[in-house]
Amino acid sequence: ASAGSAETHLSRTRMSATGFIDSVYSGSGVDGKGLRCVVFFSGCNLRCPFCHNAQLVLNPQAPPAITEQELLTFLRKRSGILEGVCISGGEPLLRADLEPLLREIRALGYAIKVDTNGCFPQQLAKLIDLDLVDYIAMDIKNSPQQYAATVGLADFDLKPVQESIDILQNGAVPFEFRTTVVRGLHDENSFHQLGQWLAGAPHYYLQQFVDSGNLLGETEGGF
């Protein structure tokens, strides 16, 4: 998940068994500039060795410490202060109950941004069709030729990712693609291929890899 500038941390409180409220920060991308609450959900279908949220990937059934109703209470109390909610992870589209939660958040008047790895195009399309998302940030892990190695899955099927790319490229919801650049996984040829693959995208960002000290694994050549 990406973070904006002037980040102000709240207490790191777990949210049910599937995530936790991590921070409130000043940034852009949801509905213009303003304060956003970032909700991290645990669980992910990928095993990217450079993932900096290893605890979210490897411990998806953490004991609950704050319920969804407590999250909604948190948001009600900050109505008029916060402008939007960023749904991140892990991979939030793994959640079967994400849609009703987003409906509740939408009913409170918040703009909603979703971070996703693009592996669940049907869920993504449904949220767009239901007008439950205002902005989407999709991680593009690497060029097609290097995708499996980058996500840590030798038999990875790229077709769902391509479907999600097509949905965003042909849709009406603002979006961005982004790639975390990791030594040992990306090189100049990777970005030539990525440029051809994502041609026409309005926004494509490169993010510098930062070792959080809580990585899922190590790439060949180290970090």
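Arg78 is partly exposed, with a relative accessible area of 27%; buried means under 20% relative accessible area, exposed over 50%, and partly exposed in between (1.4 Å probe, protein chains only). Arg78 is placed in the loop between helix H2 (68-77) and strand E4. Helices (H or I, at least four residues) and strands (E, at least two) are DSSP runs, numbered from the N terminus. Arg78 and Cys37 are 41 residues apart in sequence, and their C-alpha atoms are 9.7 Å apart in space.

## Basis of the model

This is a predicted model, in which local features need pLDDT of at least 70 and side-chain atom pairs count only at pLDDT 80 or more, while totals for chains, interfaces and linings use all residues. Residues are numbered from 1 along each chain as its sequence is written, and side-chain values use heavy atoms, with hydrogens and water left out.

## Overall fold

The chain has seven helices and eight strands. Of its 223 residues, 46% are buried. Among contacts (heavy atoms within 4.5 Å) between residues at least 6 apart in sequence, 69% join residues at least 24 apart.

## Packing of H4 against H6

Helix H4 (residues 121-129) and helix H6 (residues 159-170) pack at an angle of about 20°, and their axes are 9 Å apart. Axes are lines fitted to C-alpha atoms, for helices over the stretch in contact, and angles run from 0 to 180 degrees between N-to-C directions. H4 and H6 are therefore roughly parallel to each other; angles under 35 degrees count as roughly parallel, over 145 as roughly antiparallel, 65 to 115 as roughly perpendicular and the rest as oblique.

H4 passes H6 in a right-handed crossing, that is, the near helix is turned clockwise from the far one by less than a right angle. On the H4 side the contact is made by Pro121, Leu124, Ala125 and Ile128, and on the H6 side by Pro160, Glu163, Ser164, Ile167 and Leu168. These residues divide into seven nonpolar, one polar and one charged. In this grouping, Ala, Val, Leu, Ile, Met, Phe, Trp, Tyr, Cys and Pro count as nonpolar, Asp, Glu, Lys and Arg as charged, and the others, Gly among them, as polar.

## Two buried residues with polar contacts

Asp139 lies in strand E6 (residues 135-139) and is buried, with a relative accessible area of 15%. Its side chain makes a polar contact with the side chain of Arg178 (2.7 Å). A polar contact is a pair of N or O atoms within 3.5 Å; within protein, one must be able to donate a hydrogen and the other to accept it, and residues adjacent in sequence count only if both atoms are side-chain atoms. Not counting residues up to four places away in sequence, Asp139 touches Thr116, Asn117, Tyr147 and Arg178.

Trp197, in helix H7 (residues 188-197), counts as buried at 16% relative accessibility. The side chain of Trp197 makes a polar contact with that of Gln162 (2.7 Å). The C-alpha atoms of Trp197 and Gln162, 35 residues apart along the chain, are separated by 9.6 Å. Beyond four places in sequence, the residues that Trp197 touches include Ile140, Tyr147, Leu158 and Ile165.

## Backbone features

A cis peptide bond joins Gly89 and Gly90, with omega of about 20°. Gly90 is placed in the loop between strand E4 (84-89) and helix H3 (98-107).

Asp131 has a positive phi of about 60° although it is not a glycine. Asp131 is found in the loop between H4 and E6 and counts as exposed at 51% relative accessibility.
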